[in-house]
Amino acid sequence: MKTLGCIGTGNMAGAILKGVCAQGVLPACNLRVFDQDPSKTQPFAALGAQVCGSLRELLDRSDMLLFGVKPQSLDALLDDKAKDAALVRYLAHESDREQKL
């Protein structure tokens with residue numbers, strides 16, 4: 001079975017990952033997670049996901065990628081390995097209300 005790596009485990013990406021597990025799309029043991037704030041990965045470790053200590057480790061251990069980072073952070077994260085992986089892009093967007101402020 002394929003593995004899904006998630007870069008960033010904030011509110012939206014976290015909800016997606018929990019849904020993936022709850023709906024049986026992938027078992028938690030097939031999830032790989034990385035976040036610059038390691039405390040955000042702990043709920044996923046408790047589910048059985050593998051917490052990666054670096055972005056490079058996550059890329060090396062994942063067949064597919066889910067980007068749960070803000071768009072302005074995306075360019076800094078992409079490298080040749082990420083470009084070659086199967087991509088599922090989730091980009092956090094500001095709500096219409098926030099954009100109007």
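Ground rules first. The model is predicted, so local features need pLDDT of at least 70 and side-chain atom pairs count only at pLDDT 80 or more, while totals for chains, interfaces and linings use all residues. Residues are numbered from 1 along each chain as its sequence is written, and side-chain values use heavy atoms, with hydrogens and water left out.

The layout. The protein chain has six helices and five strands. Those are DSSP runs numbered from the N terminus: helices are H or I with at least four residues, strands are E with at least two. From the N terminus on, the order is β-α-β-α-β-α-β-α-α-β-α. Of the 101 residues, 37% are buried. Buried means under 20% relative accessible area, exposed over 50%, partly exposed in between, with a 1.4 Å probe and protein chains only. Now contacts, meaning heavy atoms within 4.5 Å. Take those with a separation of 6 or more: residues 24 or more positions apart account for 50% of them.

On to the strands. Strand 1 and strand 2 run parallel, joined by four bridges. Strands count as paired if DSSP finds at least two bridges between them. Which residue in strand 2 is the bridge partner of Cys-6? It is Val-33. Ile-7 has Phe-34 as its bridge partner in strand 2. Strand 1 is covered on both faces. Leu-4 and Cys-6 are buried on one side, Gly-5 and Ile-7 on the other. Strand 2 has Leu-31 and Val-33 pointing one way, Arg-32 and Phe-34 the other way. All four of those are buried, Arg-32 included.

Next, helix 1. It has twelve residues, 11–22, and at 1.5 Å a residue it should span 16 Å. The expected span is 1.5 Å times one less than the number of residues. The end C-alpha atoms are 16 Å apart, so the two agree. Ala-13, Gly-14, Leu-17 and Val-20 are buried in this helix. They cover an arc of only 120 degrees around the axis, which means they sit on the same side of helix 1. That arc is taken from the directions from the helix axis to the C-beta atoms. Asn-11 and Ala-22, on the other side, are exposed. After the helix comes Gly-24, with a positive phi near 75 degrees.

Now the cores. A nonpolar core is a set of buried Ala, Val, Leu, Ile, Met, Phe, Trp, Tyr and Cys residues joined through side-chain atoms within 4.5 Å. The largest has eleven residues, among them Leu-26, Phe-44, Ala-49 and Leu-66. Strand 1 (4–7), helix 1 and strand 2 (31–34) each supply at least two residues of this core. Helix 1 gives the most, with three. There is a second, separate core of nine residues, including Ile-7, Phe-34, Leu-59 and Phe-67.

One stop in helix 3, residues 55–61. Leu-55 lies there. Leu-55 is buried, at a relative accessible area of 17%. Its C-alpha atom is 8.9 Å from that of Gln-36, 19 residues apart along the chain.

Last, confidence. pLDDT is the predictor's confidence in each residue, from 0 to 100. The chain mean is 79, and 73% of residues reach 70 or more. Strand 3 (residues 50–51) is highest, at 97, and strand 5 (residues 86–91) lowest, at a mean of 42. Over residues 86–101 the pLDDT is below 50. Beyond near neighbours in sequence, that stretch has 26 contacts in the model.
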